[in-house]
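Here are some notes on the model, written as numbered points. Please read them with the structure open beside you.

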Amino acid sequence: MSITITPSKKINGIIEVPGDKSISHRLAMLCALANGTSEINNFLCSEDCLNTLHAVEKLGAKIKQQDKHITITGTGGKFTQPSRYLDMGNSGTGMRLLCGLLAGQGFSATLIGDESLSSRPMKRISSPLELMGAKIELTGDRGCAPIKITGGILNGITYSLPMASAQVKSAILLAGLFAKGTTEVIEPKETRDHTEQIFKAMGIPVRIDGLSVSIIGYAGGSIPLTPGNWQVPGDFSSAAFWITAAACRKGATVTIKNVGLNKRRTALVDVLRRMGTDIECIPHDTDNCEPIGNITVKGNQLSGTEISGNEIPNLIDELPLVAVAGALATGKTIISDAAELRVKETDRIATVATNLKKLGVAVEEKADGMIITGPNKINGNITLDSYGDHRIAMAMAVLSQHANAPVQINNTDCIATSYPDFEKDLISLTQTNRSNQSDRTDNNSL
Ligand code: S3P
């Protein structure tokens, strides 16, 4: 499928985005492990999280779904062996976190994924999980999925992460639930902490000391995960498309309601403020296990900035949008220390740079980031490719609003992995008098 973006100068309105992807995956898994029945409200019903839900169902959890409301009756800590492989689709989070839980089970299971997921590095989780006592075969090419994992009796380890990755940290901590003794993960930089927050909310003590996160395992005993009634905040990474779209358009005002405001996710707000955007974040639900609030953005002519170091993990998924803002900003926007972008759903340094060049943007690709010089006039009458990466498709749709003629984006089915209603929301925020702002086509011609 492809979409054609008809540029629009308008971006205004009030919107809610779907539930947080990282939190939906984690709640599905931990409620499936808990002893009792949990309710999850505002679950993200996108392909990635539904794959996780199907996987935990195959592992013995009882699931009832009514739209975005999910009821999960957990297995009390023991999954049952699935009769077939577990298909995690496009989701690195789903695959890596589930391996953490399967490491502590008394059976073998095989996890598979789509072409993109089958080319992403998995040694980063198999190495620590094997050190803990699981047996893992990476049967794909060069240390990739399919993954055959045989759970076992686990021992806690102290593990210094070679890269800043919340997925790897989480896989180890999830395995740590089943281990004997203490499991400690030492991060090189702070990464998103949803696993730690949900552990605490479900009654698992977590010790955090600077960059060290540790838990004491429940080897052989029952894991005291308390079932509950959970509210998933709107996904900041989905809100980020509208935050950036509004930030880059002088005179625009957009409010996004009920968004997750976890500080380890919102570094894009700091970056856009530095670039000249007026952004207000007002938390209104701080009792939830993750803070929720409203974000109001007023657009401006932005100026370039530098993004590196500790800020990177806290906006890792938003970096394609930082590049979009950089393309429209005055001066240089320099992104560095972001080599992890090369092992996302696509090599996002390459796929962003290729698309930006097609749009006429001055961009220089670096091993660990890129340098963008702006402001740029954005070319229309061209065809871009998402290369199967949802965030590339959506980020390019935001930038294409500024083109001088329509832009076609190919390969947009992937948007359904995280934000199935993206196109509808784009139309509602940007449509003027036209009834339809973007056109869906099933062919590849403009
Ligand atoms: C995620 C962590 C991030 C992010 C991904 C979701 C998570 O990856 O890119 O979309 O839910 O833990 P890292 O493992 O690189 O931190």
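1. From which domains does the lining of the second largest pocket draw at least three residues each? They are domain 1 (2-19 + 233-445) and domain 2 (21-231). Keep in mind throughout that this is a predicted model.

2. The second largest pocket holds about 380 Å³ of space. It is lined by 22 residues, and those closest to its centre are V17, P18, G19, N42 and K68. Sorted by class, the lining of the second largest pocket has 10 nonpolar, five polar and seven charged residues.

3. The largest pocket has a volume of about 510 Å³. Its lining is made of 35 residues, with A164, S165, A166, I316 and K344 the closest to the centre.

4. What is the make-up of the lining of the largest pocket by class? There are 17 charged residues, 10 nonpolar and eight polar.

5. Why can the largest pocket be said to lie between domain 1 and domain 2? Both domain 1 (2-19 + 233-445) and domain 2 (21-231) give residues to its lining, so the pocket lies between them.

6. Now to the packing of helices.

7. Which residues of α5 and α6 meet? On the α5 side they are K169, S170, L173 and L174, and on the α6 side T195, E196 and F199. By class, this contact of α5 with α6 has three nonpolar, two polar and two charged residues.

8. A second pair to look at is helix α7 (residues 236-247) with helix α9 (residues 319-328). Here the packing angle is about 5 degrees and the axes are 10 Å apart. The helices α7 and α9 are therefore roughly parallel to each other.

9. In the contact between these two helices, α7 supplies A240, F241 and T244, while α9 supplies L321, V324 and A325. How many charged residues does the contact of α7 with α9 have? It has no charged residues; five are nonpolar and one is polar.

Conventions: Residues numbered from 1 in each chain as written. Predicted model: local features only at pLDDT ≥ 70, side-chain atom pairs only at ≥ 80, totals over all residues. Heavy atoms only, no water. Axes fitted to C-alpha atoms, helices over the stretch in contact; angles between N-to-C directions. Helix = DSSP H or I, 4+ residues; strand = E, 2+ residues; numbered from the N terminus. Parallel < 35°, antiparallel > 145°, perpendicular 65-115°, else oblique. Contact = heavy atoms within 4.5 Å. Nonpolar A, V, L, I, M, F, W, Y, C, P; charged D, E, K, R; others polar. 1 Å grid on protein atoms, 1.4 Å probe; cavity = no way out; pocket = protein on both sides within 12 Å on 5 of 7 lines; lining within 4 Å. Points joined across faces, edges and corners; volume = space filled by probe spheres on them. Domains from an automatic or database assignment.
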